[in-house]
Amino acid sequence: MTALDTDQEAVAPSTLRPGWVTDRRLASLTRWVACPVSGGTEAPAALAPYDLRPTAPVPAGTPEDVEAAVRAGRRAQPAWADLPLAARAEVVLRFHDLLVERQDEVMDLIQWEMGKARFHAWQEVLQVANLARHYARASEGYLADHKVRGAVPGVTKVREVRVPKGVVGIISPWNYPFYLGIGDAIPALLAGNTVVGKADPQTPLTLLWARALMAEAGLPEHVWQVVTGPGAPIGEALVDHVDYLAFTGSTATGRVVAQRAAQRLIGTSLELGGKNPLIVRADADLLQAARGTAAAAFANTGQMCIHIERVIVHADVYDDFKEALLAATSAQKLAQTFDFTADVGSLATPSQLDKVSRHVADAVAKGATVLAGGRARPDIGPLVYAPTVLEGVTEEMELCLGETFGPVVALYRAADDEDALRIANQGTAGLSASVFSKDLTAADALARRVRAGSVNINDGASIAAGSVEAGMGGVGDSGLGRRHGGEGIRRFTDSQTVAASRIGPLGPPPGTPLEKFVALGNAQLRTLRRLGVR
Ligand code: NAD
């Protein structure tokens, strides 16, 4: 790779570094960039959110590198798939153990590249460790052959079996660079695929660290490769060559990716944006609801696809809830630290700060009221934005139904449950939602009518996503397909029907008149119907 000769050379690299981040360690990670053709082209380093100085240069690949990586993955796939599942699971469990042991390293990197509070970096570790353990132990069941009744019971033996897709492409964003970069790779690998993952240009080092750790756990070189560079052309090249694509990112990019994948008739899962509602019923425990709202609204500095941006409160308890939420909001400790003392950290990029500031300014200009926050906090950090609560938000304001993706939540007053449901189901997104109520039966009934892929009852956002045995994904503009659970691994396979005959080719035995054979067939149809056979 050639030396950087951009303006960034004039700017000293980020000095607000956590302990693990040294030049030598960072340089060793770039060995994991798959750039077999170009050897890596120069690319500007991302800016570290805490001081807006360059992190470390990571070479970018070219479309030819992506094509070559997919070819190498395709060559490596049969041997990987031929291993017993238990051997693949062993690698994943070793990765789990190394991760739990060395989690501080990746939490340092996540925070440095992306700016979130350390607790939220730890949640990435927690989620990946849970996924690794779960899929290592449950994949055999998820992928087991499925015995079905054959065309002629007793004569035919029929199984639906799962075969790997081949090379799976994974495109992931910067907001959960570890969890979203590897969380889908684990089931794809266990299902016998090889993987080529594209790192987001803001956070490549975190994903490279994960790749290096997998190598320590015993994963062969070309079984999981990481390509780097911008969405166009690197992400596009991935869509053009892999056998299946798991995409996580914005709805706008998801549409582009889906169209490109459709041209090749490859399958895709699309995990996209949300505008997630939280309903507070009249009977809710208001302190719990306020605590849950603050946690879900400001988690990951609001840069979480399932975080809450709309809170719909029954009119009878609106004022009391508002008071409780404002207390919970002002209790949030906003800071840039590499320890666990902050509740909320920095936004990740200047464009995120710009978008959040624009949404709030637009709402205020059109008549919304700021109840808390509503401004950047450059005194704390260059991209820090105060946890914000608004009311009086109306549909002509951009943040009413457009994803803000920042620590901003708007309060809405509902006359009753039906009105709350109407407000919750406004818009085109349908990712995650929440209902707070002491009546679990009523909350469950309401949850089933909310248009969302997941609904949390008496929790803001995390219990559904943290339940790794249950599917996670969106409806409407929030995406297609599910990660986690059975669907989260079976999407990386094709279903193949294998049907065997014990007597050779089925059909009329030689010499049998066809009329007689048809009559026998009709008699059988009537018998099956009468016996209630399905
Ligand atoms: P984005 O769509 O801009 O980028 C996501 C990834 O796609 C990046 O790696 C990017 O380089 C790549 N990309 C961009 N253009 C591409 C193209 N033309 N072809 C192929 N790849 C391309 O998303 P973002 O704004 O960086 O991420 C935040 C968004 O992701 C939010 O909308 C958030 O809600 C969503 N998200 C969804 C989930 C989920 O599980 N549903 C999880 C996290 C984030």
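Select residues 231-241 for helix 9 and residues 251-264 for helix 10. Helices (H or I, at least four residues) and strands (E, at least two) are DSSP runs, numbered from the N terminus.

Before going on, know that this is a predicted model, where local features need pLDDT of at least 70, side-chain atom pairs count only at pLDDT 80 or more, and totals for chains, interfaces and linings use all residues. Residues are numbered from 1 along each chain as its sequence is written, and side-chain values use heavy atoms, without hydrogens and water.

**Stop 1: helices 9 and 10**

The two helices pack at an angle of about 30°, with their axes 8 Å apart (axes are lines fitted to C-alpha atoms, for helices over the stretch in contact; angles run from 0 to 180 degrees between N-to-C directions). Now show the side chains. On helix 9, Glu236, Val239, Asp240 and His241 make the contact (heavy atoms within 4.5 Å). Their counterparts on helix 10 are Val257, Arg260, Ala261 and Arg264.

Stay here and pick Pro233, which is placed in helix 9. The peptide bond that leads from Ala232 to Pro233 is cis, and its omega is near 15°.

**Stop 2: helices 4 and 5**

Next, select residues 103-114, which are helix 4, and residues 118-142, which are helix 5. Their packing angle is about 125°, and their axes lie 9 Å apart. Here too the crossing is right-handed. Helix 4 brings Gln103, Asp104, Val106, Met107, Asp108, Ile110 and Gln111 to the contact, while helix 5 brings Arg118, Ala121, Trp122, Glu124 and Val125.

**Stop 3**

Color the strands and look for an open sheet of six, in the order 7-6-5-8-9-17, with mixed pairing (two strands pair if DSSP finds at least two bridges between them). Strand 7 (224-227) and strand 17 (479-480) are at the edges with a single partner strand each, so one side of each has no neighbour in the sheet.

Zoom in on strand 6, residues 194-198, which runs parallel to strand 7 and is joined to strand 7 by four bridges. To see a facing pair, click Lys198, which stands opposite Val227 in strand 7.

**Stop 4**

Which strands stand at the edges here? This open sheet has the order 12-13-14-11-10-15-16, again with mixed pairing. Strand 12 (369-372) and strand 16 (454-457) are the edge strands, each with a single partner strand, so one side of each is left without a neighbour in the sheet. On average, neighbouring strands are turned by 25° against each other, direction ignored.

Strand 11 pairs with strand 14, residues 408-414, in the parallel sense over five bridges. Select Arg310 to find its bridge partner in strand 14, Ala410. Helix 15, residues 417-424, lies across strand 10 (276-280), strand 11 and strand 14, at about 145° to strand 14.

Now step to Asn300, in the loop between helix 11 (286-298) and strand 11 (308-314). Its phi is near 55°, a positive value in a residue other than glycine.

**Last stop: confidence**

Color by pLDDT, the predictor's confidence in each residue from 0 to 100. The protein averages 96, and 98% of the residues score at least 70. Finish at residues 1-8, where pLDDT stays under 50.

Notes. A crossing is left-handed if the near helix is turned anticlockwise from the far one by less than a right angle, and right-handed if clockwise.
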